[in-house]
Amino acid sequence: MTHIASASRRGFLQASAALGAFTLAISFTEEAAAQGTPSALATAPGATMAPEINAWVVVKPDDTVVVRIARSEMGQGTLTGLAQLVAEELDCDWAKVTTEYASATENLRRGRVWGDFSTGGSRGIRESNEYVRKGGAAARMMLLQAAAEGWKVPVAELAVDKGIITHGRTSRRISYGKLAAAAARVTPPDAATIRLRDPKDWKIAGKPLPRLDTRDKVNGKQVYGADIKLPGMLNAAIRACPVFGGKVASFDAAAALARPGVKKVVQVGENAIAVVAEHWWQAKTALEAVNITWDEGPNAHVQQADIDAMLAEGLDATQAFIGNRAGDAAEGLAKAVRKVEATYSFPFQNHATMEPMNATAVWTAERCDVWCPTQNGEASLAAAAAASGHRPQQCEIHKMHLGGGFGRRGWQDFVTQAVLIAKQMPGTPVKLLWTREEDMLHGRFHPITTAKMTAGLDADGKLAALHIRISGQSIVAGIAPQMLQNGLDSRVFQGLAQGGNEFTFGYGVRDLLIDHAMRNPHVPPGFWRGVNLNQNAFYQECFIDEVAHEAGKDALAFRQALLSGAPKQLAVLNAVAERAGWGKPLPAGHFLGLAAIMGYGSYVAACAEVSVSRAGEVKVHKITAATDPGHAVNPQQIAAQVEGSFVYGLSAAFYGECTVKDGHMEQENFDTYQVMRMDEMPAVESIVMPSGGFWGGVGEPTIAVAAPAVLNAIFAATGKRVRRLPLRHTDLKH
Amino acid sequence: MTKLNVNGRVHEVQVDPDTPLLWVIREQLGMTGTKYGCGIAQCGACTVQIDGQAVRSCSMPVSAVTPAQKITTIEGLSAASTHPLQQAWVALDVPQCGYCQSGMLMAAATLLAANPKPTEAEIRENITNICRCGTYNRVIAGIKRAADATARRG
């Protein structure tokens with residue numbers, strides 16, 4: 001343990017000093033992987049947290065169980081799911097379960113006993129299920145041991161149910177709450193000896209239990225980051241140079257300082273100005289009165305057309321990184337009886353969380369505290385340490401509930417800004433809240449890519465050769481270039497990868513080449529819910545549909561023939577086709593479209609039922625979706641994630657697009673960045689079909705099949721292919 | 001001094017008359033259930049009722065509200081989260097992140113007050129609030145459930 005703790009700390013300090021928060025998060029993850037999963041065993045509890053049985057479990061005298069959660073809850077239900085997994089092994093009373101976030105500072109101090117805090121990549125449950133279950137099981141064993149010692153009977157003679165331990169022979173019973181203090185003193189079991197329950201025997205996990213965090217969300221009591229109130233707190237509004245890479249040249253704060261409530265006008269880093277005032281509206285309006293001169297830098301001349309041209313050039317470039325190869329695609333295409341070719345493109349997107357970015361900080365010469373909605377408490381800690389000039393051990397991150405995350409809150413720019421502002425007003429808590437406009441201009445955008453798809457059909461009309469050339473932006477190159485592998489960004493090939501257990505290309509194609517010409521515009525890229533699976537599924541599943549059509553084959557049968565090597569992908573595809581009535585009569589004017597892919601370790605499919613009026617108005621009537629996540633910890637929450645995924649995916653498909661003008665984004669609010677609303681929402685039928693034996697994510701994969709399923713149905717209805725998103729660019733009059 | 005009647009209580013606040021009602025509710029009155037989402041009346045996260053009508057408070061200057069008008073926020077929808085919509089929301093696990101749900105509930109409460117038994121088409125047309133998590137179908141189901149529960153009670 002000592003070695004692990006010091007290695008973690010050394011890695012943490014190096015990373016936070018040299019590379020910043022994002023890299024830190026990656027280095028933490030790698031380090032954790034290298035060390036194996038975190039120990040389920042307790043080390044000394046920290047001063048800032050409640051007394052515990054072990055790191056994951058606190059039992060209070062009234063039998064309330066507090067499950068510690070390291071990942072962030074942003075609506076995806078991971079808080080409830082992780083608590084179910086711990087409670088399952090703990091054998092406690094679910095009605096008495098509550099949760100609390102573990103502290104990132106404590107995690108650092110205790111050798112990363114809670115493992116990774118990063119909440120993204122649909123990893124919350126699939127990557128921590130084993131060690132959180134072991135945490136629950138270890139606590140149960142310690143409670144049983146404490147009872148056995150107290151009663152002086154063998155542990156093997158005890159039974160436990162819902163937090164009550166009984167000894168049948170002597171008819172004695174005792175609740176967890178009365179044993180907690182003694183159990184905390186029991187020597188923890190060796191993690192290697194802990195046997196986890198077979199999922200088929202689950203009583204709490206695997207059940208469609210209500211979320212633990214609903215009640216306060218219906219009465220206004222849930223406190224989000226933007227809602228925090230601290231004594232003496234001031235409020236800040238900020239404006240960074242709209243042009244990416246631009247800086248503050250100079251500013252005149254005189255007019256702003258004369259306005260009511262304004263306390264201070266400060267420069268924040270190289271590129272932003274903030275106004276600190278008594279109330280936020282005062283700060284926001286005073287900021288508009290600050291006369292800022294920007295040094296916009298070389299990007300001020302970049303237009304969207306320049307970026308589009310940069311990407312188009314990559315489609316035929318000779319140099320490209322190979323992500324997946326089988327046989328000889330060039331030869332296969334040359335020999336093809338028939339070729340099909342099409343170019344697709346997917347634009348920049350903004351996460352547009354409902355709660356704009358915010359963080360609240362108080363800085364003193366001794367320490368720094370930050371209250372923030374974050375997808376990675378450890379990355380927030382690193383950012384706070386770097387900006388405050390303190391060691392991480394002098395900083396504390398108070399994780400707040402997130403008003404949406406979708407990947408955006410893995411970045412810590414708002415934490416850095418809040419600390420830099422607070423540092424200029426020692427001892428005074430300052431809440432920084434971005435305007436929606438700031439949030440839209442300074443997103444971490446879904447990468448822009450385009451793809452040239454070339455298929456070769458053999459004499460039987462079978463897909464024999466396929467070349468997918470992706471041209472466009474790499475997230476990794478934009479944020480952590482040291483993570484590239486000889487220049488290659490393997491994450492670009494999500495859903496198209498050769499092997500692996502997360503993103504495997506499912507179709508069996510004899511001659512295959514999938515490669516990437518990396519073209520990086522100046523726009524900062526980010527992980528946007530679903531990430532590269534989104535555009536890759538759009539490219540793959542719409543094009544497969546095209547090829548099937550050109551081959552004169554049924555879109556389902558064509559896919560089925562290619563999926564013999566991917567039985568789980570085939571199974572979800574078949575499930576939606578059967579449930580949606582593929583090949584059966586539909587209401588007049590209704591058409592179906594299919595899509596299926598593997599992503600985040602899960603297999604997902606969708607079948608959309610769509611009609612398109614003669615004038616070109618699209619109505620999505622229903623989507624049937626199937627998910628095989630291996631194990632389903634809470635089927636009801638999976639269904640909710642699937643429903644929400646269609647809103648996120650179809651918002652992007654119908655409307656989502658950020659475009660560059662003079663180096664900055666043109667869209668500044670929901671009036672120009674429209675999203676799907678209730679009037680367009682289709683009915684969703686969700687089939688959750690866990691086949692066991694693996695753990696897949698559920699927060700993201702279904703987003704990727706939303707657009708292609710609908711677009712394929714639109715083709716069936718209109719004969720028109722939509723190859724450029726968003727859909728509003730295509731006239732669907734027919 | 002500006003006088004506001006919020007959730008049945010009269011408050012006096014010192015505030016610039018141009019300040020949107022949203023920020024007075026959140027900051028001067030300290031009721032943070034009403035949310036800021038866009039500031040241009042697009043998303044509906046800031047929805048409150050003024051004399052029973054749904055209003056997007058981010059775009060309503062506080063000076064446009066008279067002391068006689070009755071403002072209801074999410075905190076005043078019911079005393080103990082017992083409004084039929086709140087009960088339906090809990091029963092159906094409607095919220096995900098929950099940030100938009102105060103506005104959703106206030107918009108839905110306004111709809112049900114005017115139209116106790118809305119059709120699904122009426123619900124879809126009336127509730128224009130944005131939810132990025134994508135809870136729309138459960139919001140629709142929640143409104144129907146609340147309408148049914150109210151009808152049963154007579």
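Mentor: Start with a helix pair in chain A. Helix α11 (residues 377–388) of chain A packs against helix α12 (residues 413–422) of chain A at an angle of about 35 degrees, and their axes are 8 Å apart. Keep in mind that this is a predicted model.

Trainee: Why give an angle and a distance?
Mentor: Because two packed helices are described by the angle between their axes and the distance between the axes.

Trainee: Left-handed or right-handed, the crossing of α11(A) and α12(A)?
Mentor: Right-handed, as α11(A) passes α12(A).

Trainee: And which residues make the contact?
Mentor: From α11(A), they are A:Ser380, A:Ala383, A:Ala384, A:Ala387 and A:Ser388. From α12(A), they are A:Val415, A:Thr416, A:Val419 and A:Leu420. Sorted by class, the residues of this contact are six nonpolar and three polar, with no charged ones.

Trainee: I clicked on A:Leu381. Where does it sit?
Mentor: A:Leu381 is in helix α11 of chain A.

Trainee: Is A:Leu381 buried or exposed?
Mentor: Buried. A residue counts as buried if 20 or more other C-beta atoms lie within 10 Å of its own. A:Leu381 has 30 within 10 Å, so A:Leu381 is buried.

Trainee: What does A:Leu381 touch, leaving out residues up to four places away in sequence?
Mentor: A:Leu381 touches A:Ala104, A:Thr105, A:Pro392, A:Cys395 and A:Ile397. A:Gln412 is 31 residues from A:Leu381 along the chain, and their C-alpha atoms are separated by 9.3 Å.

Trainee: New topic. How many helices and strands does chain B have?
Mentor: Five helices and five strands. Along the sequence, chain B reads β-β-α-β-β-β-α-α-α-α.

Trainee: What about the overall shape of chain B?
Mentor: Its C-alpha atoms fill a box of roughly 45 × 35 × 25 Å along the principal axes. A compact globule with 154 residues would have a radius of gyration near 15 Å, and chain B has 15 Å, so the two agree.

Trainee: What share of chain B is buried?
Mentor: Buried residues make up 58% of the 154 residues. Now take contacts in chain B between residues at least 6 apart in sequence. Of these, 62% join residues at least 24 apart.

Trainee: How is chain B divided into domains?
Mentor: Domain 1 covers 2–75, and domain 2 covers 84–153. The centres of domain 1 and domain 2 of chain B, taken over C-alpha atoms, are 21 Å apart.

Trainee: How many residues are in contact between these domains?
Mentor: 15 residues of domain 1 of chain B are in contact with 12 residues of domain 2 of chain B. On the domain 1 side, β3 (47–50) and β4 (53–56) of chain B each supply at least two residues. β3(B) has the largest share, three residues. That side of domain 1 has six nonpolar, eight polar and one charged residue.

Trainee: Last thing. How many residues of chain B are in contact with chain A?
Mentor: 47 residues of chain B, in contact with 46 residues of chain A. The elements giving two or more residues to the chain B side are α1 (21–28), α2 (84–91), α3 (101–114), α4 (120–126) and α5 (136–153) of chain B.

Trainee: Which element gives the most?
Mentor: α5(B), with four residues. By class, the chain B side has 22 nonpolar, 18 polar and seven charged residues.

Definitions and conventions: Residues numbered from 1 in each chain as written. Chains lettered and ligands numbered in written order. Predicted model: local features only at pLDDT ≥ 70, side-chain atom pairs only at ≥ 80, totals over all residues. Rg over C-alpha atoms; globule rule 2.2 N^0.38 Å. Buried ≥ 20, exposed ≤ 12 C-beta atoms within 10 Å, placed from the backbone. Contact = placed C-beta atoms within 7 Å. Nonpolar A, V, L, I, M, F, W, Y, C, P; charged D, E, K, R; others polar. Axes fitted to C-alpha atoms, helices over the stretch in contact; angles between N-to-C directions. Left-handed = near helix turned anticlockwise from the far one by under 90°. Domains from an automatic or database assignment.
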